[in-house]
Structures are given as structure tokens and as C-alpha cells.
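This report describes a protein structure for a reader who is new to the subject. Please examine the sequence and the model before reading on.

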Amino acid sequence: MRFDVVVIGGGAAGLSAATVLARARRTVAVVDAGEPRNAPARHAHGFLSRDGVEPAQLLAAGRAEMLGYGGQFLAAPVTDIDRCADGFVVRTPDSVISARAVLVATGLRDELPPIAGLREQWGIDVLHCPYCHGYEMRDTPIAVIGGDNRPFTLHQAALVRQWSDDVIFFPNGIELTEQERRALEARDIGIDSALVARITVQAGRIHGIELRDGRSVPRRTVFIGPTFIPRDELLRSLGCGLGENGWVATDPTGLTSVTGVWAAGNVVDSPAQLIGAAAAGSRAAIAINHHLLAQDIDHALTRS
């Protein structure tokens, strides 16, 4: 199978890009392993005209739109990508696909602190993005639990106070500076320095925070700062250059340091929400089409 473009990853970024490319009458295939980051979430928010949609429904609608314009979809993991004389070879366990250009939109995974109960409630009432879910959790007793992602967590602790006047920050090993402590207290945020043992749950919802000193603090919502791990193995295997933050670097269109390879969405941008990832996919698709156009002109001149 040969296409103008292979998009790896069928989330918001990948499907947006594939739809733009298909509408530009490019042959495009989306190859997706079926592991969307937001699968645990019951609803997606902040996506214009689709607020509150179930994530699976949003992706299904995006796939249908892309297929309607002539794109193709393959449900499979990509095992590797190799460069070849006229582009790239993309391999899955059961197929070999060639393409003139590649867009990687494989997202990231959220690594949570090793606290019992967090993973089981992830996407329900253990959350990381107040812009995505804060409104739905408004006015509940909120806990913010510290983790390895220190800057994110401290910002989060101050931020979620906008959605509730009952917020307690559990640094959970983070040593606060005096200035950081004063800033949180100025926001009327409680601080409890005891280490967190586990999240307690009743009837499928968070009931409280159990601390290692034996106390239990009633809470209904937990915000946590995960460590964001980009699923960028394919990009790294191609030799894509890294930025100062250790993530694969791109220009504003998503172009990596490897000609013909773009990346969009959470694989290169951890804060990207659904609507931002979709926009990044659209930008990348337009840049890819211009890249292919330049090749088309060169080939036409060679033949003339």
C-alpha cells in the first residue's frame, strides 16, 4: 500500500490532519493502535460545539468524516518506520505501507504517583486538567496531591481554587519554600504536609484521603500532576532532534528535524487539549500538503 501521507495515531490531532489532507485530495491513511489518552474520561469538554461529548463518540465521528472524504483507517500498532529513497516505509504487525510524508500523533501517557486508588479513579474524579473537568467538580471538597511534576502541581494547587472554596494541598513530599507557602495560604488553600497513603472510595466515587499518620480527610475530588511521558519512540527512532526539555522539537507547523516527518498533539505538546491538538493537526496537514506540492512541481519540471 502506498499513500501520500501516513498519519500514525487516530486521536484529535491525527484525524484532524487526515481530514484536511483527504479534502486536499491527498491519499492518506490513519494507522491507530486504539489507545487514546482520554479513554478513561466519561466526557470531553472545551471542544467547540461538542462540549460534553463522550471521547469515543468524538473519535468515531472524526473517523467517519475522514473516511467520507476518501481517507483510509487501519486499526493496528506501528512497529517501526524506515526512511527510503522516495519517502518512508511504515510497518505494522500485518502490513507494510509506504508514504511520501509521515505525521506522528501518538500522544502521551500519564504516569501517576504510586498511591493506591489513583489509577482506578483516573478520569472519573481523579483529574489533572481543571479546564477540562473543573466546572463539573465545582464546589466539591478538592484535594491536590503533589507528585514528581513539581511546577505543574504547585500551579494546579493555586489554580483549582477558582472552582471551589474548599481546597487542601497535600505536598506529599514536596518541600515548599516560604514564598510558595505564603502564596497558597493567600489563596485560602489549606496545606497538609502528611504523606498520602491511599484514596478511599465509596459507591464508585472518592470518599477521602487516607494519610500515613492514620488520619482520613474527607474529599470528593482529587487533582494530581502526572509525569507526562510522550509516546515518541517512532520519532526518536527516525533521529528527530530534541529540544531543551528533552521532547522532540518541532517548528510551528509540527515539522521535526527530519525532512518529511511532522508531529502534532500531545506527543510533542503536553498541555495540548483536544481542541488544541486538533488545531495542531490541521496546521501540520497544510504544511505537509505544501511540502508535497513542492515535490509535485519538481517532478513535473523534471519530466518536462
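T140 is found in the loop that joins α4 (130-133) to β9 (142-145); helices (H or I, at least four residues) and strands (E, at least two) are DSSP runs, numbered from the N terminus. The model is a predicted one, in which local features need pLDDT of at least 70, side-chain atom pairs count only at pLDDT 80 or more, and totals for chains, interfaces and linings use all residues. Residues are numbered from 1 along each chain as its sequence is written, and side-chain values use heavy atoms, with hydrogens and water left out.

H291 belongs to helix α8. Buried means under 20% relative accessible area, exposed over 50%, and partly exposed in between (1.4 Å probe, protein chains only). Contact means heavy atoms within 4.5 Å, and the contacts listed leave out residues up to four places away in sequence.

**The nonpolar cores**

A nonpolar core is a set of buried Ala, Val, Leu, Ile, Met, Phe, Trp, Tyr and Cys residues joined through side-chain atoms within 4.5 Å. The largest such core has 31 residues, and V5, V7, V28, L103, W262 and I288 have the most contacts inside it. Two or more residues come from each of β1 (2-8), α1 (12-23), β2 (28-32), α2 (55-68), β6 (96-104) and α8 (274-303). The most is given by α8, with nine residues. A second, separate core of 23 residues includes I97, V104, L234 and V268.

Beyond its neighbours within four places in sequence, V7 is in contact with G14, A18, V28, A29, V30, V31 and L103.

**Helix packing**

How do α1 and α2 pack, and at what angle? The angle is about 20°, and the axes are 9 Å apart; axes are lines fitted to C-alpha atoms, for helices over the stretch in contact, and angles run from 0 to 180 degrees between N-to-C directions. α1 is therefore roughly parallel to α2, a term for angles under 35 degrees. At this meeting, A12, L15, A18, T19 and A22 of α1 face L59, G62, R63 and M66 of α2 as contacts.

β7 pairs with strand β16 (residues 227-230) in the antiparallel sense over four bridges; two strands pair if DSSP finds at least two bridges between them. The bridge partner of E111 in β16 is T227.

Notes: Parallel < 35°, antiparallel > 145°, perpendicular 65-115°, else oblique.
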